[in-house]
Amino acid sequence: MAVSLAAAPLPAADAPARPRRAAAKQEAAKEPPLKWRDVKEWGVEGRAFGDMERKSWFDRLPARAEGKVTNQVWRLGQDTAGMLVRFKTDAKAIWANYKLREARLAQPNLTAIGASGLDLYARDAEGKWRWVGVTKPDNQEVRQAIVSGMAPGFREYMLYLPLYNGIENLEIGVAPDAKFEAVAPRQEKPIVFYGTSITHGASASRPGMCHTAILGRRFDRHVVNLGFSGNGRMDAAVGDLLVEIDAAVYVIDCVPNMNAEAVREKCIPLVKQLRAAKPEVPILLVEDRRNTNSWVLPQRNSHHEKNHEALKECFASLQAEGIKNLHYLPGDKLLGDDGEASTDGSHPSDLGFVRQADVFESVLRPLLGAK
């Protein structure tokens, strides 16, 4: 006997389901009365170089860097990676209104939320930072709720800006009768990271999942992210900018964008450049992480081995010359040892960033004098 595989028609009662869902979505997106506040009025953390002139307010690099750093570094310096804004409110819903610099919202190994979204955290009753919500960009101009329907309570919030896009403006909106307090950027010395696309944030699912952001929450400390995708190469021109920052520690994590010859050429001059300007600030040299599939790629594995050997040589040479407060972080365990912590073999997934943060934390904590 033949059996029909055609789907049975839905009962008439189910027919209106799609219109109901569409109506509910439309209702959820309806903007309530809001009072908007421009974050430029109180400032963002992760925006180094103080009051130096900038081409655009949210640029990571000062205007004077243009023409001194490479064109690629200058362009990437317009991304807001590592920046965040802090505030307190008792609002039950928090909205964002911002315009992105670039119309390209996502990349092959980075979602629109990670590249162009905002990522909101709040302190819970025990003082721990916990995730709350994100924007979901579908246009260059974003005006939407980050979160709504929250339980009552006056909380401190931290909103991370996009990793791989810049912004031209940013406003935070809450109900007109909600309490709202701006929290000024912390003035303590920051942890300063200079690195590659990994430092920049690829391939975190959202801005708060980059290891630099994770470490900022764990240490409850100001962090500056100077990751330049594909262009973190221990350049002296970037070194000139690094010494302008009154850092708690410099983390130099550029080897993934270099080969052994470049490491030998540039590492020692960069460290000496930093040490001449900042005699006491700890400097941490980080080995190239090993690609998670390098175990079956002999040529790639050899590349890592040569890079590690070159950085170790530079470290030993600098120590022999008497350079003090210089530290070294091996790269083999940054992504674990099971091959499961990367999106593409090179860039960490969220799991990879958590693992990387764990390794960094163990080395950075004593350098910061943190408990």
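Start by selecting Arg 217 and Tyr 121: the charged end of Arg 217 sits over the ring of Tyr 121, 4.0 Å from the ring centre. A charge counts as sitting over a ring if NZ of Lys or CZ of Arg is within 6 Å of the ring centre and within 35 degrees of the ring normal. For another example, pick Lys 179, which lies over the face of Phe 154 at 6.0 Å from the ring centre.

Before moving on, keep in mind that this is a predicted model, where local features need pLDDT of at least 70, side-chain atom pairs count only at pLDDT 80 or more, and totals for chains, interfaces and linings use all residues. Residues are numbered from 1 along each chain as its sequence is written, and side-chain values use heavy atoms, with hydrogens and water left out.

**Stop two: aromatic rings**

Now select Phe 87 and Tyr 157. Rings of Phe, Tyr and Trp (its six-membered ring) pair if their centres lie within 6.5 Å; planes under 30 degrees apart count as stacked, over 60 as edge-to-face and the rest as tilted. The structure has 8 aromatic pairs by this rule. Phe 87 and Tyr 157 make a stacked pair, with 5.5 Å from centre to centre and 15° between the planes. Phe 87 belongs to strand S2 and Tyr 157 to strand S7 (residues 155–160), so this pair links distant parts of the chain, 70 residues apart. Strands (E, at least two residues) and helices (H or I, at least four) are DSSP runs, numbered from the N terminus.

Buried means under 20% relative accessible area, exposed over 50%, and partly exposed in between (1.4 Å probe, protein chains only).

**Stop three: salt bridges**

How many salt bridges does the structure hold? There are 26, each being a side-chain nitrogen of Lys or Arg within 4 Å of a carboxyl oxygen of Asp or Glu.

Select Glu 31 and Arg 143, whose side chains meet in a salt bridge at 2.8 Å, N to O. Glu 31 lies in the loop between helix H1 (17–29) and strand S1 (35–38), and Arg 143 in strand S6 (residues 141–147), so the pair ties together parts that are 112 residues apart in sequence. Glu 31 is partly exposed, at 33% relative accessible area, and Arg 143 is partly exposed at 42%.

Next, show Arg 86 and Glu 45, a salt bridge with its closest N and O atoms 3.3 Å apart. Here Arg 86 is buried at 8% relative accessibility, and Glu 45 is buried at 3%.

Then go to helix H9 (residues 350–368). Arg 365 and Glu 361 form a salt bridge there, at 2.6 Å, N to O. They are 4 residues apart, so about one helical turn separates them.

**Last stop: cysteines**

A disulfide is a pair of cysteine sulfur atoms within 2.5 Å, and the count here is 0. Select Cys 210: the nearest cysteine sulfur, that of Cys 254, is 14 Å away. Finish at Cys 267, where the sulfur of Cys 314 is the nearest, at 4.3 Å. Cys 267 is buried, at 1% relative accessibility.
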